[in-house]
Amino acid sequence: MIKVKWNRNWLVKQKNGKFDFEETITFPKEMFYNLSRINDLKDVEVTGSGNFNSSEERLYVTYHVQGTMVVPCAISLEDVDYPFSIDTDVVFAFCKPEDDEDVVEARKDVADLTSVIFQEIMMAIPMRVVKEGAKMKTSGSGWKVMDESEVVAKEEDTIDPRLAKLKDYFKDQE
């Protein structure tokens, strides 16, 4: 797996602390075993730029992520390719940030954008995706989907034997 991460020493050596990047990221299949809303990620490309401010000890990264997520169809559970595109930015702090700051703390002087990208993709997963032409099964082994008219007709025809005598009771009342 290619990781998008930068070491603090490398950032200091960049001219004015600015740099551009373009990477293709591959996420291993094992990452998706325990996830029910996504099965895989394909062709994930990340492009962007970074600006390291040495006086603040902050790295400002603006990036664009695009690719294809493989999600299960809401009806048939078959894999559906769903393209995505995300534009966002993030701030990494190389010193301990305040609790209320919206920054990501760089661990061991390394700013790792890979985990941030994965979180952004997870938040972009759609609630439901239906594969084109997908049809819901209406019957199976020991079951059948019934519409409301079938259910009402069946309920009217069937009388619980424990309550059958009540039918005669109401005839006397008329």
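**Entry 1: a residue in helix H2**

I opened the notebook at isoleucine 117, which has its place in helix H2, residues 114-123. Before going further I noted that this is a predicted model. Buried or exposed, I asked of isoleucine 117? The answer is buried, with a relative accessible area of 0%.

Next I looked up what isoleucine 117 touches. Leaving out residues up to four places away in sequence, I found Ile25, Phe27, Val46, Tyr63 and Val65. I also checked isoleucine 117 against histidine 64: the two are 53 residues apart in sequence, yet their C-alpha atoms are 9.5 Å apart in space.

**Entry 2: the whole chain**

I then stepped back to the protein chain. Its secondary structure comes to four helices and nine strands. Reading from the N terminus, I wrote the order of elements down as β-α-β-β-β-β-β-β-α-β-β-α-α.

What radius of gyration does the protein chain have? I noted 29 Å, whereas a compact globule of 174 residues would have one near 16 Å. Along its principal axes, the C-alpha trace spans about 100 × 35 × 25 Å.

Of its 174 residues, 29% are buried. Its accessible surface comes to about 12600 Å², and carbon and sulfur atoms hold 48% of that. Among contacts with a separation of 6 or more, 60% are between residues 24 or more positions apart.

**Entry 3: the sheet**

Which strands form the open sheet, and in what order? I found five, arranged E2-E3-E4-E5-E6, with mixed pairing. Strand E2 (18-25) and strand E6 (104-105) stand at the edges with a single partner strand each, so one side of each has no neighbour in the sheet. A reminder to myself: strands of a sheet pair through backbone hydrogen bonds, either parallel or antiparallel.

I followed one pairing in detail. Strand E4 (residues 58-72) and strand E5 (residues 79-93) run antiparallel and are joined by 15 bridges. Within this pairing I picked out threonine 62, which stands opposite aspartate 89 in E5.

Arginine 58 also lies in strand E4. I looked up its accessibility and found 13%, so arginine 58 counts as buried, the cut-off being under 20%. Which residues is arginine 58 in contact with, leaving aside its neighbours within four places in sequence? My list reads Asn51, Phe52, Asn53, Val91, Phe92, Ala93, Glu101 and Val103.

**Entry 4: aromatic rings**

I searched the whole structure for aromatic pairs and the count came to seven. One of them joins tryptophan 6 and phenylalanine 19: this pair is tilted, with 5.1 Å centre to centre and 55 degrees between the planes. Tryptophan 6 lies in strand E1 (residues 5-7) and phenylalanine 19 in strand E2, so the pair ties together parts that are 13 residues apart in sequence.

I checked how covered these two are. Tryptophan 6 is buried at 7% relative accessibility, and phenylalanine 19 is buried with a relative accessible area of 7%. Phenylalanine 19 also pairs with tryptophan 10: the ring centres are 5.2 Å apart and the planes are at 75 degrees, so this pair is edge-to-face. Tryptophan 10 itself is partly exposed, with a relative accessible area of 37%.

Which residues make up the aromatic cluster here? I wrote down Trp6, Trp10, Phe19 and Phe21, which form one cluster.

**Entry 5: positive phi angles**

I looked at two residues other than glycine with a positive phi. Asparagine 16 has phi near 60 degrees, and aspartate 43 has phi near 55 degrees. Asparagine 16 lies in the loop between helix H1 (8-13) and E2, while aspartate 43 has its place in strand E3, residues 40-53.

Buried or exposed, I asked of asparagine 16? Asparagine 16 is exposed at 62% relative accessibility. Aspartate 43 is exposed too, with a relative accessible area of 57%.

**Entry 6: cysteines**

Cysteine 73 is buried, with a relative accessible area of 0%, whereas cysteine 95 is partly exposed at 32%.

Key:
Residues numbered from 1 in each chain as written. Predicted model: local features only at pLDDT ≥ 70, side-chain atom pairs only at ≥ 80, totals over all residues. Heavy atoms only, no water. Pairing = 2+ DSSP bridges. Buried < 20%, exposed > 50% of the residue type's maximum accessible area, 1.4 Å probe, protein only. Rg over C-alpha atoms; globule rule 2.2 N^0.38 Å. Contact = heavy atoms within 4.5 Å. Areas by Shrake-Rupley, 256 points an atom, 1.4 Å probe, with all protein chains shown as cover. Phe/Tyr/Trp six-rings, centres within 6.5 Å; stacked < 30°, edge-to-face > 60°.
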